[in-house]
Amino acid sequence: MIDKAFLDKQVEEKKRQHEWERAKECQLDEALIRSSEHAMHLERRQEEERRRLNKEVESFRRVHQRAEDRRDYDLYDPEALKKSLPARVNDNGDDPSLGVASAQKFEGEDRNLPVRLKMQKEQMRWWIQRQKEEREAAEKARRDAEEAYQEVVLSRDKRAMALARMEEECRRRLNEATATFNRALAEEQHHRRHCEAVQDEEDKKAEIYNHVTGDFLTEAREQAESTRGPYKPLVNRYKGMTADELKVFRDAQLQQIEEIRNIKLEEKRINENWDHLMNLHNQTAYSYERELNQRKSELNKKIAEENLRLAEQQKQHQEYLNQVVYKNQPTAAFYEQFNRATR
């Protein structure tokens, strides 16, 4: 006998186990969603930081590293021709536009040589100091950007490792719970199969007894009776017809054979009448077609005769034109007399 209370208890435990598994899966999904959102937030912050650093570097270059502040800017200045002075401004010996190759100003005649050399050295020192400061500022900005990027990468890696550990722990617990549930389910299935085997054995014994003592094997006529009527017995219990029933059945078959023979004779008579009618129609159609062909041949003959008559008339008319109307045809000399002068 099956223990219904035990089966109900197992079903309730299985439902609770499914609910617990669904809750754990929901928690895992929420944790993965939060971790994904946090990772996306970190990536957005990293991208914003990178854009901010690029903007600062671009702003620094635009303010402190202008092309016109370079030492050799005068070599590729597009406005050099507009800014340059004439080859000679005046006849003064101190004219700055007169260089060494001008053959008008020589080294011994340079009165402001010490001042000029001093100014050149000061300008050189200022250029070197300016370039040094610019390189140091650019290097510092680059180091700061790399440090910020490394911090973001390390933070993201740590978060990813923490999420991986959480996921591994959740998976381990879920595997343990699954294994426990599978063991319980296996025990339950083993017990259920044992109960089903015992019940099946009892059912087989009862079925054998019922067959041995039932009306089917004892061939009782009453066991084939049906509630739908006396002429609709149960097929799986029917053992055959009686002599009277067989006689009625055979008489009905002979009557059906006679009816079928009469139907076939009537169909034969109808087909013969139909064939005769079709032959008459075919003869009528053949006669009509032959008459049409005869009329067509006569019409074609008349058309041919008319065409010959018209051809003869056309030939006579052409001869009349050639012999009477167009008798005097102009020769080539008639046409050559025209267009012989400019007028």
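**Notebook: salt bridges, patches and one buried glutamine**

I began with R172, which at a relative accessible area of 38% is partly exposed. I am working from a predicted model, and I keep that in mind for each entry below.

Entry on helix α3. I looked up the partner of R172 and found a salt bridge with E176, whose closest N and O atoms are 2.7 Å apart. Both residues lie in helix α3, four residues apart, which is about one turn of the helix.

Entry on helix α1. I turned to R52 and E56, whose side chains meet in a salt bridge at 2.4 Å, N to O. Because they are four residues apart in helix α1, about one helical turn separates R52 from E56. I recorded R52 as partly exposed at 35% relative accessible area, and E56 likewise as partly exposed at 43%.

Entry on helix α5. I found E306 in a salt bridge with R309, with 2.1 Å between the closest N and O atoms. Here the two residues are three apart in helix α5, so E306 and R309 are again separated by about one helical turn. E306 is partly exposed at 34%, and R309 is partly exposed at 40%.

Entry on the wider count. I asked myself how many salt bridges there are by this rule, and the count comes to 21. I also noted a network of salt bridges that links E139, R142, R143 and E146.

Entry on the patches. A nonpolar patch on the surface is formed by W274, L277, M278 and L280, which together have about 370 Å² of accessible area. I placed L280 in helix α5 (residues 243-325), and at 40% relative accessibility L280 counts as partly exposed.

Entry on Q46. Is Q46 buried or exposed? I found Q46 buried, because its relative accessible area of 8% falls under the 20% cut-off. Q46 sits in helix α1 (residues 4-64), and, leaving aside residues up to four places away in sequence, I listed its contacts as Y149, V152, V153 and R156.

Definitions and conventions
Residues are numbered from 1 along each chain as its sequence is written. This is a predicted model: local features need pLDDT of at least 70, side-chain atom pairs count only at pLDDT 80 or more; totals for chains, interfaces and linings use all residues. Side-chain values use heavy atoms; hydrogens and water are left out. Patches are made of residues with over 30% relative accessible area and no salt bridge: like charges are joined within 9 Å, nonpolar side chains (Val, Leu, Ile, Met, Phe, Trp, Tyr) within 5 Å. Accessible areas come from the Shrake-Rupley method with a 1.4 Å probe; for residues, only the protein chains shown count as cover. A salt bridge is a side-chain nitrogen of Lys or Arg within 4 Å of a carboxyl oxygen of Asp or Glu. Buried means under 20% relative accessible area, exposed over 50%, partly exposed in between (1.4 Å probe, protein chains only). Contact means heavy atoms within 4.5 Å.
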